[in-house]
Amino acid sequence: RLRKWQERIRTKDAGERNLQFALSEIDRMASALGVPRSVREVASVIYRRALDDDLIRGRSIEGVATSALYAACRKEGIPRSLEEISEVSRVERKEIGRTYRYISQELGLEMEPVDPKKYVPRFCSELELSEEVQSKANEIIETTAEKGLLSGKSPTGYAAAAIYAASLLCNEKKTQREVADVAQVTEVTIRNRYQEQIEAMGIHS
Amino acid sequence: MVDPKETINIENVVASTGIGQELDLQSVAMDLEGADYDPEQFPGLVYRTQEPKSAALIFRSGKIVCTGAKSTDDVHESLQIVFGKLRDLNIQVDEDPEIVVQNIVTSADLGRNLNLNAIAIGLGLENIEYEPEQFPGLVYRLDDPDVVALLFGSGKLVITGGKEPDDAKKAVDKIVSRLEELGLLE
DNA sequence: AGTTTACTTTGAAAAGC
DNA sequence: GCTTTAAAAAGTAAACT
């Protein structure tokens with residue numbers, strides 16, 4: 001009887017320690033990403049819900065914590081790509097993506113697809129591009145997405161191409177390499193998306 | 001426009017069967033040319049047929065999995081070839097082993113582009129999975145028939161998880177009518 | 001700038017770790 | 001859970017030309 005009681009305490013302590021570890025990891029990654037406190041709070045709530053629903057069984061604590069943070073960034077409207085998230089996590093990109101899809105389904109997060117426009121301010125500021133370029137990029141994204149060009153395309157690559165196009169149109173040219181580096185996509189992806197977008201916008205350059 | 005059902009094409013059929021006899025895979029691997037057997041990596045021996053093209057996974061228990069065939073007829077033809085090869089090795093094979101189709105992968109074309117973002121919302125975010133950062137297709141699980149459909153921006157789709165060719169037809173019909181009533185087709 | 005190859009997703013069975 | 005098999009869809013990445 002005493003042994004059983006001790007075991008319960010031990011289990012409870014272990015669970016408590018695991019939760020503390022997860023929350024501190026979320027905090028560490030959030031700091032590294034430079035996201036506001038509200039995102040960490042949302043991530044913590046998602047992690048606790050996953051814990052309550054027993055979704056961590058068979059998965060790593062770090063993986064679930066990272067996925068919760070990825071989901072929280074999106075929910076708060078300041079998405080980080082899986083590539084960016086994986087740079088501050090010790091879990092690899094593919095695993096974060098899988099775990100995110102799993103907890104998202106199980107918790108019924110009903111996450112909407114990421115809007116490429118959400119990446120425009122951050123990418124443009126890293127490239128030191130003007131407000132004018134940002135507006136132009138947003139206009140390109142809005143217009144071409146309405147024409148159906150966005151289906152199936154990665155939001156970061158889509159945003160990168162629009163920013164590249166906008167930088168040319170506003171005479172603040174950035175090279176494909178520069179834009180590709182901040183968006184963490186390849187130049188080939190920018191070229192492919194850029195061609196489609198320019199054509200759909202009826203721009204001839 | 002063409003009826004999307006007429007664009008349905010079977011791309012792969014997976015079936016299981018068994019010869020009703022245990023096998024010494026080590027010796028089968030020696031005698032059967034073209035056999036790939038690496039028990040450290042996977043317990044099954046891989047044997048590929050050329051016509052019809054398929055891959056058979058042969059296990060110690062005598063159970064066999066056939067995959068890669070383009071029709072249920074091809075599955076039967078391929079397995080007859082495998083049974084024949086085993087008999088050539090003086091291995092007892094049941095006279096007419098039962099062959100069970102486990103999965104059929106089909107492709108189809110709705111004939112018009114799809115706005116996956118609108119479809120994701122329309123079908124209900126709780127019913128679909130659409131993560132273009134990870135994969136360009138929208139994943140839609142149906143209850144009846146019990147299959148999974150992958151919808152692409154081009155209007156092409158993949159249906160998998162079905163056990164008979166008819167499942168794909170039913171699925172395409174349901175998807176088309178669902179998208180039509182949502183006003184998301186054409 | 002554009003090509004080739006390879007990997008991402010879905011489904012199912014087999015035997016064994 | 002993983003391992004292996006095959007095939008489609010379309011996007012993206014890495015490595016070349």
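Mentor: Buried area is the accessible area (1.4 Å probe) that two parts lose on being put together, summed over both. This is a predicted model: local features need pLDDT of at least 70, side-chain atom pairs count only at pLDDT 80 or more, and totals for chains, interfaces and linings use all residues, while side-chain values use heavy atoms, without hydrogens or water. Residues are numbered from 1 along each chain as its sequence is written, and chains are lettered from A and ligands numbered from 1 in the order in which they are written.

Trainee: How much area do chain A and chain B bury between them?

Mentor: Start with who touches whom. Contact means heavy atoms within 4.5 Å. By that rule, 21 residues of chain A meet 16 residues of chain B. Carbon and sulfur atoms carry 47% of the buried area, and the total is about 1600 Å².

Trainee: Which three residues supply more than any other three of the area that chain A buries against chain B?

Mentor: Look at the chain A side of the interface. The leading trio supplies 32% of the area that chain A buries there. Its members are Pro113(A), Ser151(A) and Gly152(A).

Trainee: What ipTM does the predictor give the complex?

Mentor: Take chain B first. Its mean pLDDT (the predictor's confidence in each residue, from 0 to 100) is 97, and 99% of its residues reach 70 or more. For the complex, the predictor gives a pTM of 0.96 and an ipTM of 0.96.

Trainee: How many helices does chain A have?

Mentor: Helices (H or I, at least four residues) and strands (E, at least two) are DSSP runs, numbered from the N terminus. Along the sequence, chain A reads α-α-α-α-α-α-α-α-α-α. Its C-alpha trace spans about 80 × 30 × 25 Å along the principal axes. The strand count is 0, and the helix count is 10.

Trainee: Is Ser81(A) buried or exposed?

Mentor: Ser81(A) sits in the loop between α3 (61-75) and α4 (82-88) of chain A. Leaving out residues up to four places away in sequence, Ser81(A) touches Tyr70(A), Tyr119(A), Thr156(A), Gln184(A) and Glu133(B). The classes are buried (under 20% relative accessible area), exposed (over 50%) and partly exposed in between, with a 1.4 Å probe and protein chains only. Because its relative accessible area is 3%, Ser81(A) is buried.

Trainee: What is the phi of Gln184(A)?

Mentor: Gln184(A) is one of the residues that Ser81(A) touches. Gln184(A) lies in the loop between α9 (176-183) and α10 (187-201) of chain A. Its relative accessible area is 29%, so Gln184(A) is partly exposed. Gln184(A) is not a glycine, yet its phi is positive, about 55°.

Trainee: And what is the phi of Asp54(A)?

Mentor: Asp54(A) is in the loop between α2 (37-52) and α3 of chain A. At 41% relative accessibility, Asp54(A) counts as partly exposed. Asp54(A) is not a glycine either, and its phi is positive, about 60°.

Trainee: How far apart in space are Glu106(A) and Asp53(A), C-alpha to C-alpha?

Mentor: Glu106(A) belongs to helix α5 (residues 93-106) of chain A. Its relative accessible area is 45%, so Glu106(A) is partly exposed. In sequence, Glu106(A) and Asp53(A) are 53 residues apart; in space, the distance is 8.4 Å.
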